[in-house]
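Thanks for coming. I will go through one structure this morning, starting with where its chains meet and then moving through the parts.

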Amino acid sequence: MVVGLINANPVVYEKKERRSRQAPETTDENAAEAIDQLEIFDHIRDIKDPEHPYSLEELNVVTEDSVEINDELSHVRVTFTPTVERCSMATVIGLCLRVKLMRSLPPRYKVDIRVAPGSHATETAVNKQLNDKERVAAALENPNLLDIVEECLSPTFA
Amino acid sequence: MAMDGGAAAVLREAHRLTGHTDRVWSLAWNPSPGAGAGPVLASCGGDKAVRIWKRAADGAWQCSDVLEDTHNRTVRSCAWSPDGKLLATASFDSTTAIWEYSGGDFECVATLEGHENEVKSVSWSASGSLLATCSRDKSVWIWEMQPGNEYECVSVQQGHTQDVKMVQWHPILDVLVSVSYDNSIRVWADDGDDEWHCVQTLTEANNCGHSSTVWALSFNQKGDRMVTCSDDHTLKIWDTSADLSQPKTSDNQESWRHLSTLTGYHNRTIFSAHWSSEDIIASGAGDDAICLFAEDKSSMVEGPSYRLILKKEKAHDMDINCVRWCPQDPRMLASASDDGTVKLWELRGNALD
C-alpha cells in the first residue's frame with residue numbers, strides 16, 4: 001500500500017468478551033425488536049484496520065459507547081477514534097463504517113459518522129467528507145478504493 | 001386567489017415511476033416538448049442510465065426511452081436546452097454528453113471532455129447558446145454551442161476552493177451561478193470582452209450565506225429572486241434584481257443580497273429546491289420530506305418573509321435528491337430519491353393566500 005506505515009506501532013487492546021444477547025423480556029415472539037447499540041456495535045467491531053491485521057475494536061477505534069442510536073427516529077451516529085492524530089486512513093475507516101452500516105441496516109436509517117472530537121488534526125474536514133453522500137457514492141465507484149473497503153469488511157462476514 | 005374553494009393545500013401522490021436500479025439523482029422537465037405533445041421528464045441516476053418519461057393517452061406515465069451505454073459511471077445531472085431539442089447529461093465519468101432529441105428518438109451527438117473529476121451539474125443558458133458544467137475538480141466550465149454539434153470551451157473558471165455542486169444560469173441574463181462544498185455561492189458574468197469573471201461571492205461571513213455545503217439553487221421566473229439550499233439544513237432567499245451582467249462602474253455598486261433564511265423545517269441536508277412559475281418554492285431533503293413555501297404577503301415585518309405551506313413527511317422511503325415543478329402544469333411536482341423511484345405529485349387546494 002504506502003511506503004512506510006502511517007502508524008508503525010499500534011496499541012492493541014484486549015478484545016471485550018462477546019456478550020450474548022439477552023432473551024427478550026416479552027414472550028410475544030411476534031413483537032418487533034428494536035435495533036440497539038449492541039447490535040450496531042456487533043456489525044462494526046470486526047471491521048479490519050486498513051493497515052494492520054487487527055479489528056477496529058482491538059485498536060479501540062470503535063467501542064460500544066461509540067454508537068448512539070435512536071431506533072424510533074431511525075438514526076445512528078458512530079464516533080470513531082483514529083489510531084494516530086494525522087491518520088490519513090481516517091477517511092477509509094469512516095468509509096468502511098458507512099458501507100457496513102449501509103448494507104446492514106434498513107434503508108430508513110440515517111447514518112452519521114464522525115471522528116471523536118479532538119482526536120484528529122483535520123477532524124472538521126474528515127467529518128464533512130464522510131457525511132457528503134455524493135462524495136461517498138463517487139468514492140465507492142473507484143474500484144481500487146472499493147477493493148480496500150471490501151477487504152476490511154471481509155472479517156465481519158465470518 | 002382561492003383555487004379550490006378555500007381547502008387547505010395538499011400534495012397528493014399521483015404517480016410512482018419505477019425502473020431505475022439505483023438511486024435517482026436528478027430530474028429535468030422538457031421546457032418545449034413540441035406542439036400537441038404532453039410533458040416529458042428526464043431522470044438520471046446511479047445506474048448510469050437516463051430515463052425519459054411520458055404520459056400515455058390513458059393518463060399513465062411510461063418510460064419511453066432508456067439512454068445507457070454512453071456514461072460508464074453515475075449520471076449525476078441532466079438538463080434540456082430551451083428549445084427542447086437537446087438533452088445534456090453530466091456524469092461521474094468526467095464527461096458531459098449531448099443528446100439530440102428528434103422524431104421521438106435520442107442520439108448522442110457530442111461529448112464534452114476536460115474536467116479532471118466527476119461532473120456534478122450541467123445547465124443551459126436562457127438563449128440556448130451557452131452551456132455550463134461544474135465538477136469536483138473545483139472548476140466551472142462555460143461552453144459555447146457552435147454549428148454542427150460542436151462545443152467550444154470559452155472559459156474555465158477557478159475560484160471555488162472545493163467541489164462545485166451545481167451550476168444554473170439566470171432565466172433571462174447571461175449570468176451564471178455556482179454553488180459549492182466550500183459553502184459559497186459564486187456569480188459569473190462576461191465583462192463584455194468575452195472574458196468571464198466572478199462578479200460576486202456570497203458567503204456566511206459577508207452576506208449571511210450558508211454555513212455548510214450549498215447543494216442547489218433556483219431562480220424565480222423573473223430572475224429577481226433566488227433560493228439556495230444547504231447541508232446546514234436551511235434555505236436562503238436572495239434578492240437578485242441587480243443586473244450583474246453589466247460591467248461594474250464606480251457609480252454602480254449594486255449587488256445581490258440576502259433577504260431571508262428558512263430554518264427549522266428540515267432536520268437533515270436539503271439537497272434540492274425549485275421555484276415554480278406560481279412562486280411556490282419546493283424543497284427536498286435527506287429527512288425524506290418535501291416542503292412547500294410561499295411568500296407571506298400578510299407579513300408586516302420589514303422585507304419579505306416566507307411561510308411553510310405544507311410539509312409532506314415520508315414523501316419517499318429515503319433521501320430526496322431533486323424536486324422540479326412541471327413547466328406545462330405548475331401544480332405538478334416531480335421528485336427523485338435514493339429509493340430508486342421518481343414520484344409525481346399534484347398540489348391541490350389553496351396554497352397562495
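How much area do chain B and chain A bury between them? About 1,600 Å², with 43% of it on carbon and sulfur atoms. Buried area here is the accessible area, taken with a 1.4 Å probe, that two parts lose on being put together, summed over both.

Before I go on, some conventions. This is a predicted model, in which local features need pLDDT of at least 70 and side-chain atom pairs count only at pLDDT 80 or more, while totals for chains, interfaces and linings use all residues. Residues are numbered from 1 along each chain as its sequence is written, chains are lettered from A and ligands numbered from 1 in the order in which they are written, and side-chain values use heavy atoms, with hydrogens and water left out.

Back to the interface. On it, 26 residues of chain B are in contact with 16 residues of chain A, contact meaning heavy atoms within 4.5 Å. Within chain B, the residues that lose the most area to chain A are Arg73(B), Tyr181(B) and Arg268(B), together 36% of what that side buries.

Now chain A. It has five helices and three strands, and from the N terminus the order is α-β-β-α-β-α-α-α. Helices (H or I, at least four residues) and strands (E, at least two) are DSSP runs, numbered from the N terminus. Of the 158 residues in chain A, 44% count as buried. Buried means under 20% relative accessible area, exposed means over 50%, and partly exposed is in between, with a 1.4 Å probe and protein chains only.

Which residues have the most contacts inside the largest nonpolar core? They are Ile44(A), Val62(A), Phe80(A) and Leu97(A), in a core of 36 residues. Such a core is a set of buried Ala, Val, Leu, Ile, Met, Phe, Trp, Tyr and Cys residues joined through side-chain atoms within 4.5 Å. The largest share, eight residues, comes from α2(A). Leaving out residues up to four places away in sequence, Phe80(A) touches Val62(A), Leu97(A) and Leu130(A), among others.

Apart from that core lies another, of 33 residues, including Leu262(B) and Trp275(B). In soluble globular proteins, nonpolar side chains tend to be buried together.

On to chain B and its strands. An open sheet of four strands runs β18-β19-β20-β21 in chain B, with antiparallel pairing; two strands pair if DSSP finds at least two bridges between them. The edges are β18 (214-219) and β21 (257-262), each pairing on one side only. Five bridges join β18(B) to β19(B), residues 225-230, and Val214(B) stands opposite Ser230(B).

Is His233(B) buried or partly exposed? It is partly exposed, because its relative accessible area is 30%. Its contacts include Leu262(B) and Arg268(B), again not counting residues up to four places away in sequence. Arg268(B) is also one of the residues that lose the most area to chain A.

Last, a hairpin. Strand β22 of chain B, residues 270-275, is mostly covered, with six of its six residues buried. β22(B) pairs antiparallel with β23 (281-285) of chain B over five bridges, and Trp275(B) has Ile281(B) as its bridge partner. Five residues lie between these strands, and Asp279(B) takes a positive phi near 65° in this hairpin.
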